[in-house]
Amino acid sequence: MKNKFLFPHHYRRIGWMIFFPSLVLGLACMHADFRFNFLDIDLGIQKNLFDSGTLNFTDEIASIGLIISLLFIAFSKEKIEDEFISRLRLESLQFAVYLNYMILTLQILLVHSTAFLDIMVYNMFSVLLLFIIRFRAMIHIQNQA
Amino acid sequence: MKNTIKVQRAIKNITQADLAEAIGVSRQTINTIESAKYVPSTVLALKIAQYFHTSVEEIFQLELDD
């Protein structure tokens, strides 16, 4: 059976290699206001006294790195990619979407104002993370049997 | 749906891994089919039957609750 829309098997390793630096960079950006100065881009327009008109690309790099790496890890082929693996994949995807929105619903009810913005940032990546955790766990369980 | 893969394997004296390799799936897939946790596609069922030189009905049978 042919599986469309999947990356080759070795992309998973590439994904992990991009994931950890992006994660560290992303967390540093969010919680320690870390910026690479060489990623400053001058937009050439000084809006006002407090806005210099430069844009720093550190957080953009971190976010895109996280998205690409998580996609690679989530959607690269298994060594033997057969129909049973496809079913596990789909089930895990459904599980991840349900769980993600359950968690988000709770957060909508419990977290307010600026803290909610942080939640939304984490939410950009949580579906893929939940999917990866569930999918790998299911494969691990199958391998034990 | 029940199946007789375990019996067929015993007759041919092959392991789950041997069967898996012969029809191009993982050993785990054969394991879940054999223990009736996973219902294979028609293509896979036909491949298994072909491997044992028999018909699909010899290997897979419906149960009352199907």
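I take contact to mean heavy atoms within 4.5 Å.

I am working on a predicted model, where local features need pLDDT of at least 70, side-chain atom pairs count only at pLDDT 80 or more, and totals for chains, interfaces and linings use all residues. Side-chain values use heavy atoms, with hydrogens and water left out.

**Entry: chain A fold**

I looked up contacts in chain A between residues at least 6 apart in sequence; 69% of them join residues at least 24 apart. I then listed the elements: 4 helices and 2 strands. Helices (H or I, at least four residues) and strands (E, at least two) are DSSP runs, numbered from the N terminus. Their order from the N terminus is α-β-β-α-α-α.

**Entry: chain A dimensions**

The C-alpha trace spans about 65 × 35 × 25 Å along its principal axes.

**Entry: chains A and B**

I found 8 residues of chain A in contact with 13 residues of chain B. The two chains bury about 940 Å² between them, 49% of it on carbon and sulfur atoms. Buried area is the accessible area (1.4 Å probe) that two parts lose on being put together, summed over both.

On the side of chain A that touches chain B, α3 (83-110) and α4 (114-144) each supply at least two residues. α3(A) gives the most, with 3 residues.

Note on methods. Residues are numbered from 1 along each chain as its sequence is written. Chains are lettered from A and ligands numbered from 1 in the order in which they are written.
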